[in-house]
Amino acid sequence: MDAMAITSIFVLSVFVGFEVVSKVSSTLHTPLMSGANAIHGVILVGAIIVADHSENNLELVLSLAAIVLATINMVGGFVVTDRMLEMFKPKKDASAAAKKEDEAAKGGQK
Amino acid sequence: MSSTWYSLIGLASGVAFILALKGLSHPKTARRGNLIGAAGATVATLSVFLYVTPGKDGAEAHSLPIHNLGWILGAIALGLIIGVPAARKVEMTQMPQLVALFNGVGGGAAALVAIVEYLNLGDTATTAEVIFTVFTVVVGCVSFSGSIITFMKLQELMTTRPVVFPGGRFVIAGTLVAVLGVSVWVVVALGTTPLLVLAVLSLLFGVLFVLPVGGADVPIVISLLNAFTGLTVAASGYVLSSTLLIIAGTLVGASGTILTRLMAEAMGRSLFGTLFGAFTAKPQAATGVAEERPVRSGSPDDVAILLNYARRVVIVPGFGLAVAQAQHTVRELADLMISKGIDVAYGIHPVAGRMPGHMNVLLAEANVPYDQLAEMDEVNPTFSQTDVAIVIGANDVVNPAAQTTPGCPIYGMPILEVSNAANIIFLKRSMRPGFAGIENELLYDPKTMLLFGDAKASLTKVVSALKAL
């Protein structure tokens with residue numbers, strides 16, 4: 001890829017990144033951080049590419065380690081973000097869910 | 001799959017990530033946004049298996065399947081086995097350190113990818129590629145070791161206070177100079193040894209960088225390291241000629257930077273101060289032995305009586321509430337007071353808990369209605385009309401030292417001004433200071449009543465006492 005195309009992509013992405021999160025309430029800071037954290041887990045793609053390129057055992061071992069770490073980052077990140085956001089349910093079914101969860105909580109706590 | 005399709009799928013994933021971040025910025029669309037992001041990441045991952053990226057010098061592509069397929073699938077399976085249960089089972093109170101850990105392993109992965117690609121390219125690497133590799137290795141390693149330290153601080157595996165040793169800032173500055181020097185060495189000499197030395201020095205720098213950060217600043221550091229990891233992913237995208245990695249990494253880097261600034265603002269901290277705290281931190285004067293000063297402690301019945309005759313009560317929840325798993329009990333108490341015609345609100349500090357917005361998540365878990373949650377700016381003017389402020393397991397977010405004691409670690413942080421309420425009740429386990437490790441004058445205020453004990457046990461007693469009245 002030529003340097004100019006890459007620079008353009010980079011600069012435009014910076015501005016998009018700034019814009020999309022410029023107005024966010026503090027309530028969502030933690031889930032947003034966690035979601036962004038999961039997105040950079042896409043380095044998994046890079047880890048798979050280098051595993052494919054590996055020419056000796058050292059390279060293979062290092063790239064497999066990268067795959068394990070990247071998978072943890074990506075999948076774990078999306079799952080934990082979803083768990084956080086699960087709590088932000090629309091108000092309507094909140095009361096019904098409240099009862100159910102209260103019972104579940106009581107049952108679970110002992 | 002042709003390279004056009006591969007690029008188009010990459011572009012679609014990039015768009016999915018933009019939509020994900022956009023969605024995550026609004027409560028209504030947040031969950032959907034996260035799922036869109038997950039879908040984008042899944043599709044991007046699947047597409048790599050169907051397309052063979054050209055090797056060095058654009059070497060002739062080999063045929064599918066990609067090399068080492070079995071190993072790759074095994075490694076992914078291992079990552080799933082470790083990551084999914086950890087994310088599913090973690091207590092919501094421990095979630096911040098898990099996010100720190102996930103961020104750290106992501107940084108580590110980016111650094112490893114850069115190292116492998118560097119070994120693979122060997123002498124054919126261009127100077128630009130080497131510079132981006134050096135950047136990825138340095139920042140990825142800093143992010144990795146720094147995140148491990150934040151994890152240990154949050155998990156309380158080590159002290160949550162700033163760790164400062166004499167001459168520390170010279171050691172840190174020296175390490176930074178060494179990192180920069182070795183970076184130049186790598187670019188000039190192009191060897192494996194300098195790169196490994198660089199990785200080790202960067203890991204060390206990450207540790208030294210985070211050690212002097214106090215407990216209260218840890219969330220800002222996590223957010224910052226998150227942005228760092230994003231940038232490393234973008235840089236490795238350059239080395240691997242992957243537009244997707246460049247877009248995704250840059251998005252996270254940019255949005256992470258903004259988010260870090262927003263968090264720092266919410267906590268009244270200067271980003272600069274946090275960043276360079278490592279260089280400016282001085283060993284703190286010992287805070288002195290805990291003085292024996294009189295405090296007024298009360299029984300659950302005293303608290304119940306006070307509440308029973310109040311017209312307006314503000315509940316200020318803190319991390320201690322969550323640790324005691326008392327969210328459900330506090331909701332029970334609030335419901336009981338509302339049924340007695342008392343006006344009840346929760347005063348939520350933006351950084352109550354261990355991270356901005358953490359308390360909202362914890363209370364939402366207990367199904368506390370949103371309309372009872374009042375943000376700091378809303379609730380502060382109402383404290384003068386409040387009869388009782390109940391502070392449950394919170395300390396730093398109500399500590400007047402933030403307004404009155406220049407030089408204390410939380411000075412300048414906006415606080416919930418509970419001292420304006422007619423009565424203050426603190427539910428605490430002990431007189432131990434909060435996460436930031438600062439004494440709270442409010443505890444000795446004559447209108448303060450302390451109720452010692454586990455928050456959940458105390459609240460249960462208050463609830464039954466209040467029912468009996």
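Predicted model: local features only at pLDDT ≥ 70, side-chain atom pairs only at ≥ 80, totals over all residues.
Hi everyone, let's start with chain A. Chain A has 110 residues, and 55% of them count as buried. If you take the contacts in chain A with a separation of 6 or more, 59% of them come from residues 24 or more positions apart.

Now, how do the two chains meet? The contact takes 80 residues from chain A and 97 residues from chain B. On the chain A side, the elements that give two or more residues are H1 (3-20), H2 (29-39), H3 (43-53), H4 (57-86) and H5 (94-109). Which of these gives the most? That is H4(A), with 27 residues. Sorted by class, the side of chain A that touches chain B has 49 nonpolar, 21 polar and 10 charged residues.

Let me zoom in on one pair across that contact. The axes of H2(A) and H1(B), residues 3-24 of chain B, come within 9 Å and cross at roughly 170°. That angle makes H2(A) roughly antiparallel to H1(B). From H2(A) you have Pro31(A), Leu32(A), Gly35(A), Ala36(A) and Ile39(A), and they meet Phe17(B), Ala20(B), Leu21(B) and Leu24(B) in H1(B). By class, this contact has eight nonpolar, one polar and no charged residues.

Next, two helix pairs inside chain B. H6(B), residues 168-189, packs with H7(B), residues 192-210, at an angle of about 155°, and their axes are 9 Å apart. H6(B) is therefore roughly antiparallel to H7(B), and the crossing is left-handed. Among the residues making this contact are Trp185(B) and Val186(B) of H6(B), along with Phe205(B) and Phe209(B) of H7(B). The class count here is 18 nonpolar, three polar and no charged residues.

The other pair is H8(B), residues 218-239, and H9(B), residues 243-266. These pack at an angle of about 160°, with axes 7 Å apart. Once again, that makes H8(B) roughly antiparallel to H9(B), and the crossing of H8(B) and H9(B) is left-handed. The contact of H8(B) with H9(B) has 15 nonpolar, 12 polar and no charged residues.

Further along chain B we reach H12(B), residues 300-308. Its buried residues are Pro300(B), Val303(B), Ala304(B), Leu306(B) and Leu307(B). Why do they end up on the same side of H12(B)? Because they cover an arc of only 160° around the axis. As a reminder, an α-helix has 3.6 residues a turn, so residues three or four places apart point the same way. And what do the buried residues of H12(B) pack against? Strands S1 (312-317), S4 (388-392), S5 (423-428) and S6 (448-452), plus helices H14 (327-339) and H18 (455-468), all of chain B.

Last stop: Ala422(B), which is found in the loop between H17 (401-404) and S5 of chain B. Is Ala422(B) buried or partly exposed? It counts as partly exposed, because it has 15 C-beta neighbours inside 10 Å, and a buried residue needs 20 or more. Leaving aside neighbours within four places in sequence, Ala422(B) is in contact with Thr386(B), Asp387(B) and Lys447(B). To give you a sense of scale, the C-alpha atoms of Ala422(B) and Tyr238(B) are separated by 61 Å, and these two residues are 184 residues apart along the chain.

Notes
Residues numbered from 1 in each chain as written. Chains lettered and ligands numbered in written order. Buried ≥ 20, exposed ≤ 12 C-beta atoms within 10 Å, placed from the backbone. Helix = DSSP H or I, 4+ residues; strand = E, 2+ residues; numbered from the N terminus. Arc of directions from axis to C-beta. Contact = placed C-beta atoms within 7 Å. Nonpolar A, V, L, I, M, F, W, Y, C, P; charged D, E, K, R; others polar. Axes fitted to C-alpha atoms, helices over the stretch in contact; angles between N-to-C directions. Parallel < 35°, antiparallel > 145°, perpendicular 65-115°, else oblique. Left-handed = near helix turned anticlockwise from the far one by under 90°.
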